[in-house]
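Subject: Structure handover

Dear colleague,

I am passing on the structure we spoke about, with the sequence alongside it. Please open it first, and then read the notes below with the model in view.

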Amino acid sequence: MAVKEYLIPENLYYDQNDFWIKIEANSVLIGITEEGQKNTGDILYLELAPAGTVVRRGEKIGSIESGKWVGNLTAPLSGAVAESNPAVTRNPRLVNRDAYGEGWMVRLIMDNPDELGLLMGAREYEAWLDEQLKSEEGIG
Amino acid sequence: MKANWRLLDTGSLPAAHNMALDRVVLNARNSELIPNTLRYLQFSPQCVLIGYHQAVELEVEEEYCRKHGIEINRRITGGGNLYWDEGQLGWEIFALKNTPGIPRRLEDMYRLMCESVVNGLDKLGVKARFRPANDIEVQGRKISGTGGTEWGDAFLYQGTLLTDFDVDTMIKSLKLPLKKLEDKQVESFKERVVSLKEVLGYLPPLPEIKAALAQGIAEVLGVTLQPGDLTPAEKSDLERQLPLFQSDDWIRGLRVLPQENDLGVAEYKTRGGLIRASLRLDPNRQHIKSAFITGDFFAYPERSIMDMEAMLKNSSSRPEDVGRNIREFFADNQIHIPNVGAEDIIQVLCLAIAEAGERSAVS
């Protein structure tokens, strides 16, 4: 499935901050979507919370900088960071090159699996993105 | 009906106060304690500001700053090192991301914000334009650099406006892609920026500049600006946040990410003349931090070299990416440099990148 030219894999969850969330055996893998990396632009700096950091959904788990914009990365789910990807902090452009693969950011042990219900599936995320892009008319 | 935004003029402040206020107002907007806000930013004393992820020792001539009473601080926004003297004016827009008409796509948002300032400059008789990714320029020369950040549902987008600018102090206080401060290079570097005073031949009074910017921004964003002050909640949050922004923990960034600042310089002789490239590089991140291209060739239009430098800033330093970017730049822009082609520029840039690599391998 794709919104315009962007890939949205079916087997992942998504949130409104352009994170993808992949369920694995005892943890979830988190990264930003193709749409998210494209919107951010060439990523120059990426800072991620180290293993052991406990976060609640919506709390900061890192920061990302492209050009002159610093974005905050906020946890899509509550839990403990089990691992952050050292390859992307060393070479953040990996996220631009392979957002759903080598560009993963954080592995999280979930605190509350019920929070998965707050996330979107691929079709919902696509519809939400379409709605966002359509609503950019009239300023006030 | 037009939405009411607050027009906030906090006057001249020390760097730590201004940096703390950026966070305070952004937090207040995210918490919906204040309306969308346009703030004017002025500094006293003069200061050097680095971007959120930068390292002071790689970006600032610390000894020069110390000797000349130039404060050093860190922004909450991204981008590079900046020198602010007391004559410069900054502008900042704090708004909710879902404000109707604010584009979700960052590059569209940058354009809208910059075009609102371009409209303000037009009121002063300055024909400026937006230059992607996020500069405002007059005939190829930068008059305003911009950057931003977000917190929760709110964002901050800010820019400088060079009113009457002391380029010599800027060159001495920042680490720039100048190997030696040779007169010819310094003169050429000065051509990259321009001030309001230089464009107009005089400097309008500051209140006039502020009024023009406010009018231009309000027209493009379709809003009404109502002068206002910091709220009691913002003032009390400022008191709470200020010690952090005055601390070495913040300025020196104890957790600054590993990074480098190598200088790569190369010259390449072509049939059209000598081309000299001077690049600031972060080799591990494969990142060109800034570029400065000079020589005795002639480029038409003259601005094309400055546009090329703007395109190279923050781009990849991998040779294959440099090649693609330069070829695309030549294809997309009507550039004519007699007897110098895209491949010549690629060659000198790759030589400068290799030179930096060899030097860092030796050291």
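In this predicted model, the crossing of helices α4(B) and α8(B) is right-handed. Helix α4 covers residues 106–123 of chain B and helix α8 covers residues 206–221 of chain B, and their axes come within 7 Å and cross at roughly 135°.

A second pair of helices in chain B can be described in the same terms. Helix α1 (residues 15–30) of chain B packs with helix α9 (residues 232–245) of chain B at an angle of about 130°, and their axes are 8 Å apart. That angle makes α1(B) oblique to α9(B), and the crossing in which α1(B) passes α9(B) is right-handed. Among the residues of α1(B) that take part are B:Met19, B:Leu21, B:Arg23 and B:Val24, and they belong to a contact to which α9(B) brings residues including B:Glu234, B:Leu238, B:Leu242 and B:Phe245. By class, the contact of α1(B) with α9(B) has 11 nonpolar, 3 polar and 3 charged residues.

As for chain B as a whole, its secondary structure comes to 13 helices and 15 strands. The radius of gyration of chain B is 21 Å, close to the 21 Å that the globule rule gives for 363 residues, so chain B is as compact as a globular protein of that length. Taken along the principal axes, the C-alpha atoms of chain B fill a box of roughly 65 × 40 × 40 Å.

Chain A has 4 helices and 11 strands. With a radius of gyration of 15 Å, close to the 14 Å that the globule rule gives for 140 residues, chain A is likewise as compact as a globular protein of its length. The C-alpha trace of chain A spans about 45 × 35 × 30 Å along its principal axes.

Where the two chains touch, the contact takes 32 residues from chain B and 26 residues from chain A. On the chain B side, the elements that give two or more residues are β9 (141–151) and β15 (315–316), and the largest share, 6 residues, comes from β9(B). By class, this side of chain B has 10 nonpolar, 17 polar and 5 charged residues.

A few backbone details in chain B may also be worth a look. A cis peptide bond joins B:Pro132 and B:Ala133, with omega about 5°, and B:Ala133 lies in the loop between β7 (129–131) and β8 (135–138). A cis peptide bond also joins B:Tyr300 and B:Pro301, with omega about -10°, and B:Pro301 is placed in the loop between β14 (287–295) and α11 (304–312). B:Gln139, in the loop between β8 and β9 of chain B, has a phi near 50°, which is a positive value in a residue other than glycine.

On confidence, the model scores ipTM 0.83 and pTM 0.86, and chain B averages a pLDDT of 91, with 97% of its residues scoring at least 70. Where pLDDT is low, the predicted coordinates should not be read in detail.

With best wishes

Key. Residues are numbered from 1 along each chain as its sequence is written. Chains are lettered from A and ligands numbered from 1 in the order in which they are written. This is a predicted model: local features need pLDDT of at least 70, side-chain atom pairs count only at pLDDT 80 or more; totals for chains, interfaces and linings use all residues. pLDDT is the predictor's confidence in each residue, from 0 to 100. Axes are lines fitted to C-alpha atoms, for helices over the stretch in contact, and angles run from 0 to 180 degrees between N-to-C directions. A crossing is left-handed if the near helix is turned anticlockwise from the far one by less than a right angle, and right-handed if clockwise. The radius of gyration is taken over C-alpha atoms; the globule rule is 2.2 Å times the number of residues to the power 0.38. Angles under 35 degrees count as roughly parallel, over 145 as roughly antiparallel, 65 to 115 as roughly perpendicular and the rest as oblique. Two residues are in contact if their C-beta atoms, placed from the backbone, lie within 7 Å. Ala, Val, Leu, Ile, Met, Phe, Trp, Tyr, Cys and Pro count as nonpolar, Asp, Glu, Lys and Arg as charged, and the others, Gly among them, as polar.
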